[in-house]
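Work through the exercises below with the sequence and the model at hand. Try each task before reading its solution.

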Amino acid sequence: TYLAPMSVETAAAWDAGVDITTDGRTWRTAWVPLEHGGLQGLGVIQPTLWQGREGEIRMLLRSTEGVIYASRSADGGWTWDPARPTALPNNHSGLDAVGLPGGRVVLACNPVSGNWAARSPLTLLVTKIFDAPAVVRNFFAVSICSGVAMSALVTIPNAGLPNCVLY
(Lines give C-alpha, C1' and ligand atoms only; values in the text may rest on other atoms or scores of the structure.)
Protein backbone atom coordinates (compact mmCIF):
# COMPACT_ATOMS: atom_id res chain seq x y z
CA THR A 1 0.00 0.00 0.00
CA TYR A 2 1.26 3.47 -0.92
CA LEU A 3 0.13 6.70 0.77
CA ALA A 4 0.60 10.19 -0.69
CA PRO A 5 -0.26 12.98 1.75
CA MET A 6 -2.37 15.68 0.10
CA SER A 7 -4.48 18.74 0.81
CA VAL A 8 -6.95 20.96 -0.99
CA GLU A 9 -7.24 24.70 -0.43
CA THR A 10 -10.37 26.56 -1.51
CA ALA A 11 -11.64 30.02 -0.59
CA ALA A 12 -14.15 28.38 1.79
CA ALA A 13 -12.10 25.64 3.51
CA TRP A 14 -8.83 23.75 3.68
CA ASP A 15 -8.88 19.97 4.02
CA ALA A 16 -6.30 17.20 4.04
CA GLY A 17 -6.03 13.47 3.57
CA VAL A 18 -4.04 10.89 1.70
CA ASP A 19 -4.27 9.44 -1.76
CA ILE A 20 -3.95 5.67 -1.31
CA THR A 21 -3.30 2.74 -3.67
CA THR A 22 -2.35 -0.90 -3.50
CA ASP A 23 -1.41 -1.30 -7.18
CA GLY A 24 -0.01 2.11 -8.20
CA ARG A 25 -2.65 2.46 -10.93
CA THR A 26 -5.91 3.10 -9.11
CA TRP A 27 -5.98 5.66 -6.33
CA ARG A 28 -8.62 6.76 -3.86
CA THR A 29 -8.65 9.74 -1.51
CA ALA A 30 -9.06 9.06 2.21
CA TRP A 31 -10.05 12.40 3.78
CA VAL A 32 -9.26 13.35 7.38
CA PRO A 33 -12.52 14.42 9.06
CA LEU A 34 -12.40 18.00 10.39
CA GLU A 35 -15.15 19.95 12.12
CA HIS A 36 -14.92 23.29 10.29
CA GLY A 37 -17.71 24.91 12.34
CA GLY A 38 -15.52 25.44 15.39
CA LEU A 39 -12.51 26.85 13.53
CA GLN A 40 -11.44 30.48 13.35
CA GLY A 41 -9.55 29.92 10.09
CA LEU A 42 -9.93 27.75 7.00
CA GLY A 43 -8.66 24.41 8.34
CA VAL A 44 -5.66 22.12 7.87
CA ILE A 45 -3.25 21.40 5.03
CA GLN A 46 0.07 19.74 4.19
CA PRO A 47 -0.02 16.55 6.26
CA THR A 48 3.15 14.74 7.28
CA LEU A 49 2.98 11.00 7.97
CA TRP A 50 4.91 8.26 9.72
CA GLN A 51 4.20 4.67 10.65
CA GLY A 52 3.50 4.13 14.33
CA ARG A 53 3.20 0.90 16.24
CA GLU A 54 1.33 -2.12 14.91
CA GLY A 55 0.61 -0.65 11.48
CA GLU A 56 -0.90 2.57 12.80
CA ILE A 57 -0.27 5.61 10.59
CA ARG A 58 0.18 8.93 12.37
CA MET A 59 -0.39 12.37 10.83
CA LEU A 60 0.43 15.92 11.87
CA LEU A 61 -1.06 18.88 9.99
CA ARG A 62 -0.36 22.56 9.46
CA SER A 63 -3.36 24.58 10.61
CA THR A 64 -4.83 28.08 10.66
CA GLU A 65 -5.66 27.67 14.36
CA GLY A 66 -2.32 28.52 16.00
CA VAL A 67 -1.48 24.88 16.83
CA ILE A 68 -0.49 21.70 15.01
CA TYR A 69 -3.38 19.29 14.43
CA ALA A 70 -3.09 15.48 14.57
CA SER A 71 -4.91 12.42 13.27
CA ARG A 72 -4.25 8.69 13.03
CA SER A 73 -5.34 5.71 11.00
CA ALA A 74 -5.64 2.27 12.55
CA ASP A 75 -6.20 0.54 9.19
CA GLY A 76 -3.13 1.53 7.18
CA GLY A 77 -4.47 4.85 5.89
CA TRP A 78 -7.86 3.85 4.50
CA THR A 79 -9.81 5.74 7.19
CA TRP A 80 -8.76 8.50 9.61
CA ASP A 81 -9.77 9.75 13.04
CA PRO A 82 -11.05 13.35 13.10
CA ALA A 83 -8.23 15.91 13.16
CA ARG A 84 -7.76 17.41 16.62
CA PRO A 85 -5.56 20.17 17.98
CA THR A 86 -2.35 19.30 19.81
CA ALA A 87 -0.61 21.47 22.41
CA LEU A 88 2.19 22.26 19.95
CA PRO A 89 2.12 25.85 18.65
CA ASN A 90 2.07 26.40 14.89
CA ASN A 91 2.38 29.73 13.12
CA HIS A 92 0.68 28.41 10.01
CA SER A 93 4.01 27.28 8.56
CA GLY A 94 4.95 23.92 7.12
CA LEU A 95 6.17 21.01 9.18
CA ASP A 96 7.66 17.61 8.52
CA ALA A 97 8.01 14.48 10.65
CA VAL A 98 9.89 11.24 10.32
CA GLY A 99 9.67 8.07 12.39
CA LEU A 100 12.92 6.57 13.66
CA PRO A 101 13.76 3.04 14.77
CA GLY A 102 12.58 2.37 18.31
CA GLY A 103 9.49 4.55 17.98
CA ARG A 104 10.99 8.01 18.29
CA VAL A 105 9.66 10.77 16.03
CA VAL A 106 11.54 13.84 14.80
CA LEU A 107 9.39 16.86 13.92
CA ALA A 108 10.83 19.88 12.08
CA CYS A 109 8.68 22.96 12.64
CA ASN A 110 8.50 26.54 13.82
CA PRO A 111 6.91 26.13 17.28
CA VAL A 112 5.63 29.71 17.37
CA SER A 113 2.05 30.70 18.16
CA GLY A 114 0.03 33.01 15.93
CA ASN A 115 -1.38 32.71 12.44
CA TRP A 116 1.33 33.80 9.96
CA ALA A 117 3.73 34.63 12.83
CA ALA A 118 7.54 34.60 12.53
CA ARG A 119 8.96 31.56 10.72
CA SER A 120 11.82 31.09 13.14
CA PRO A 121 13.35 29.45 14.96
CA LEU A 122 13.39 26.29 12.88
CA THR A 123 13.33 23.57 15.54
CA LEU A 124 13.74 19.80 15.66
CA LEU A 125 11.46 18.23 18.25
CA VAL A 126 12.15 14.63 19.24
CA THR A 127 9.70 12.45 21.15
CA LYS A 128 8.65 8.90 21.74
CA ILE A 129 5.31 9.69 23.34
CA PHE A 130 2.19 10.15 21.26
CA ASP A 131 -0.44 8.85 23.68
CA ALA A 132 -3.49 9.74 21.60
CA PRO A 133 -4.06 11.54 18.31
CA ALA A 134 -4.32 14.93 20.00
CA VAL A 135 -1.78 14.40 22.80
CA VAL A 136 1.86 15.11 22.10
CA ARG A 137 4.20 15.45 25.06
CA ASN A 138 7.76 15.11 26.33
CA PHE A 139 9.50 16.62 23.33
CA PHE A 140 13.22 17.29 23.35
CA ALA A 141 13.82 20.49 21.33
CA VAL A 142 16.87 21.59 19.38
CA SER A 143 16.66 24.99 17.67
CA ILE A 144 18.86 24.65 14.64
CA CYS A 145 18.64 28.03 12.95
CA SER A 146 16.58 31.08 12.21
CA GLY A 147 15.74 32.78 8.95
CA VAL A 148 15.91 29.70 6.73
CA ALA A 149 13.38 27.52 4.96
CA MET A 150 13.03 23.77 5.44
CA SER A 151 12.07 21.48 2.59
CA ALA A 152 11.79 17.96 4.00
CA LEU A 153 13.04 15.45 6.53
CA VAL A 154 14.18 12.05 5.28
CA THR A 155 15.83 9.05 6.87
CA ILE A 156 18.72 7.32 5.18
CA PRO A 157 19.72 3.79 6.23
CA ASN A 158 23.48 3.71 6.72
CA ALA A 159 25.24 0.32 6.66
CA GLY A 160 24.39 -0.85 10.15
CA LEU A 161 24.61 2.60 11.76
CA PRO A 162 21.56 4.35 13.21
CA ASN A 163 19.48 6.14 10.60
CA CYS A 164 20.58 9.67 9.78
CA VAL A 165 18.03 12.48 9.67
CA LEU A 166 18.54 15.15 7.03
CA TYR A 167 16.70 18.42 6.65
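Predicted model: local features only at pLDDT ≥ 70, side-chain atom pairs only at ≥ 80, totals over all residues.

**Exercise 1. Placing Thr29**

Task: Locate Thr29 in its strand. Then decide whether Thr29 is buried, partly exposed or exposed, and list its contacts beyond four places in sequence.

Solution. 
- Step 1: Assign the strand. Thr29 belongs to S3, which spans residues 28-31.
- Step 2: Read the accessibility. The relative value for Thr29 is 29%. Buried requires under 20% and exposed requires over 50%. Thr29 is therefore partly exposed.
- Step 3: List the contacts. Beyond its neighbours within four places in sequence, Thr29 touches Met6, Val18 and Asp19.
- Step 4: Return to Ala4. Thr29 and Ala4 are separated by 25 residues in sequence, and their C-alpha atoms are 9.3 Å apart.

**Exercise 2. An open sheet**

Task: Give the strand order of the open sheet of 4 strands, and name its edge strands.

Solution. 
- Step 1: Write the order. The strands run S4-S5-S6-S7 across the sheet, with antiparallel pairing.
- Step 2: Find the edges. S4 and S7 (84-89) each pair on one side only, so these are the edge strands.
- Step 3: Neighbouring strands here are turned by 35° against each other on average, direction ignored.
- Step 4: Zoom in on one pair. S4 and S5 run antiparallel and share 6 bridges. Trp50 has Arg58 in S5 as its bridge partner.
- Step 5: Recall what holds such strands together. Strands of a sheet pair through backbone hydrogen bonds.

**Exercise 3. A charged network**

Task: Trace the salt bridges that link Glu56, Arg58, Arg72 and Asp81. Which of these residues are buried, and which are partly exposed?

Solution. 
- Step 1: Start at Arg58. This residue bridges to Glu56, with the closest N and O atoms 3.2 Å apart.
- Step 2: Move on from Glu56. A salt bridge also joins Glu56 to Arg72, at 3.4 Å between the closest N and O atoms. This pair links distant parts of the chain, 16 residues apart. Glu56 sits in the loop between S4 (44-51) and S5 (57-63), while Arg72 lies in S6 (residues 67-73).
- Step 3: Finish at Asp81. Asp81 bridges to Arg72, the closest N and O atoms being 3.1 Å apart.
- Step 4: Sort by burial. The cut-off for buried is under 20%. Arg58 is buried at 5%, and Glu56 is buried at 10%. Arg72 is partly exposed at 24%. Asp81 is partly exposed, with a value of 24%.
- Step 5: The whole structure has 4 salt bridges.

**Exercise 4. The nonpolar cores**

Task: Name the residues that touch the most other members of the largest nonpolar core. Which strand gives the largest share of this core?

Solution. 
- Step 1: Find the centre of contacts. The largest core has 15 residues; Met59, Leu61, Tyr69 and Trp80 touch the most other members.
- Step 2: Trace the suppliers. At least two residues come from each of S2, S4, S5 and S6. S5 gives the largest share, 3 residues.
- Step 3: Follow Leu61. Its contacts beyond four places in sequence include Ala16, Val44, Ile68, Tyr69 and Leu95.
- Step 4: Look for another core. A second, separate core has 11 residues, among them Ile68, Leu95, Cys109 and Leu125.

**Exercise 5. The whole chain**

Task: How many helices and strands does the chain have, and what percentage of its residues is buried?

Solution. 
- Step 1: Count the elements. There are 0 helices and 13 strands.
- Step 2: Take the burial. Of the 167 residues, 38% are buried.
- Step 3: Check the surface. The chain exposes about 8,500 Å², and carbon and sulfur atoms supply 54% of that area.
- Step 4: Check the contact range. Among contacts between residues at least 6 apart in sequence, 39% join residues at least 24 apart.

Key:
Residues numbered from 1 in each chain as written. Heavy atoms only, no water. Salt bridge = Lys/Arg side-chain N within 4 Å of Asp/Glu carboxyl O. Buried < 20%, exposed > 50% of the residue type's maximum accessible area, 1.4 Å probe, protein only. Pairing = 2+ DSSP bridges. Axes fitted to C-alpha atoms, helices over the stretch in contact; angles between N-to-C directions. Core = buried A, V, L, I, M, F, W, Y, C linked by side-chain atoms within 4.5 Å. Contact = heavy atoms within 4.5 Å. Areas by Shrake-Rupley, 256 points an atom, 1.4 Å probe, with all protein chains shown as cover.
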